[in-house]
Amino acid sequence: MLVQPEMTVAGGAQRSSDLRSALSARHQELAAEHAEAVAEMTLAGVVDAGDDVADLGTKAFSRDQEFALALSIRARMDQVERALERLDDGTYGRCERCSEDIPVARLTAFPSATLCVRCKSLSERR
């Protein structure tokens with residue numbers, strides 16, 4: 001768990017270091033997943049001379065799924081990078097839209113959150 005529920009968002013150097021370590025470790029995990037997904041996507045696109053139309057369609061569908069997975073992983077990597085930037089800026093734990101504190105429970109569940117629950121709900125309605 002990155003954030004202990006009894007802690008406040010604003011913490012000392014040790015807490016910031018712990019968050020940075022956990023977020024960096026998560027970024028490395030995602031980078032490995034992304035590399036694996038890209039490698040699988042490359043293999044899924046191989047066309048054999050004996051492929052019929054159904055085989056080509058299946059391979060195209062698989063390639064599209066692998067591409068979507070790679071994009072999803074990349075988006076999560078971007079979120080972690082943004083959280084690390086916010087940690088460096090001293091704005092980690094504050095909502096980017098309304099500047100209120102993001103609840104610790106939300107940060108515990110989603111450490112790279114940049115919006116409070118209210119602002120996130122509003123952005124999803126649009």
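1. Let me start with glycine 90, which follows directly after helix H2 and adopts a positive phi of about 85°. Please keep in mind throughout that this is a predicted model. Across residues 90-125 the model is 42% helix and 0% strand, with 29 Å between the end C-alpha atoms.

2. Helix H2 itself deserves a look along its length. H2 covers residues 53-89, 37 residues in total, and spans 54 Å from first to last C-alpha, close to the 54 Å expected at 1.5 Å a residue. Its buried residues are Glu66, Ala70, Ile73, Met77, Val80, Ala83, Leu84, Arg86 and Leu87. You will notice that Glu66 and Arg86 are included in that list.

3. Which residues have the most contacts inside the largest nonpolar core? They are Leu23, Tyr92 and Cys95, in a core of 19 residues. H1 and H2 are the elements that give two or more residues to this core, and H2 gives the most, with seven residues. As general background, nonpolar side chains tend to be buried together in soluble globular proteins.

4. Setting aside neighbours within four places in sequence, arginine 86 is in contact with Thr91, Tyr92, Gly93, Arg94, Cys95, Glu96 and Thr114. Two of these contacts, Tyr92 and Cys95, came up in the point about the core, where they are among the residues with the most contacts inside it.

5. Now to the charged pairs: the structure holds ten salt bridges. One of them joins aspartate 88 to arginine 20, with the closest N and O atoms 2.7 Å apart. Aspartate 88 belongs to helix H2 and arginine 20 to helix H1 (residues 13-44), so this pair ties together parts that are 68 residues apart in sequence. Are the two partners buried or exposed? Aspartate 88 is exposed, at 55% relative accessible area, while arginine 20 is partly exposed, at 29%.

6. Another salt bridge brings together the side chains of arginine 82 and glutamate 96, at 2.9 Å from N to O. The pair links distant parts of the chain, with arginine 82 in helix H2 and glutamate 96 in the loop between H2 and helix H3 (104-109), 14 residues apart. Arginine 82 is partly exposed at 32% relative accessibility, and glutamate 96 is partly exposed at 38%. Salt bridges with shared partners join Arg82, Glu85, Arg86 and Glu96 into one network.

7. Finally, a pair within a single helix. Glutamate 29 and arginine 26 form a salt bridge through their side chains, 3.1 Å from N to O. Both residues lie in helix H1, three residues apart, about one turn of the helix. Glutamate 29 has a relative accessible area of 44% and is partly exposed; arginine 26, at 29%, is partly exposed too.

How values were computed. Residues are numbered from 1 along each chain as its sequence is written. This is a predicted model: local features need pLDDT of at least 70, side-chain atom pairs count only at pLDDT 80 or more; totals for chains, interfaces and linings use all residues. Side-chain values use heavy atoms; hydrogens and water are left out. Helices (H or I, at least four residues) and strands (E, at least two) are DSSP runs, numbered from the N terminus. The expected span of a helix is 1.5 Å times one less than its number of residues. Buried means under 20% relative accessible area, exposed over 50%, partly exposed in between (1.4 Å probe, protein chains only). A salt bridge is a side-chain nitrogen of Lys or Arg within 4 Å of a carboxyl oxygen of Asp or Glu. A nonpolar core is a set of buried Ala, Val, Leu, Ile, Met, Phe, Trp, Tyr and Cys residues joined through side-chain atoms within 4.5 Å. Contact means heavy atoms within 4.5 Å.
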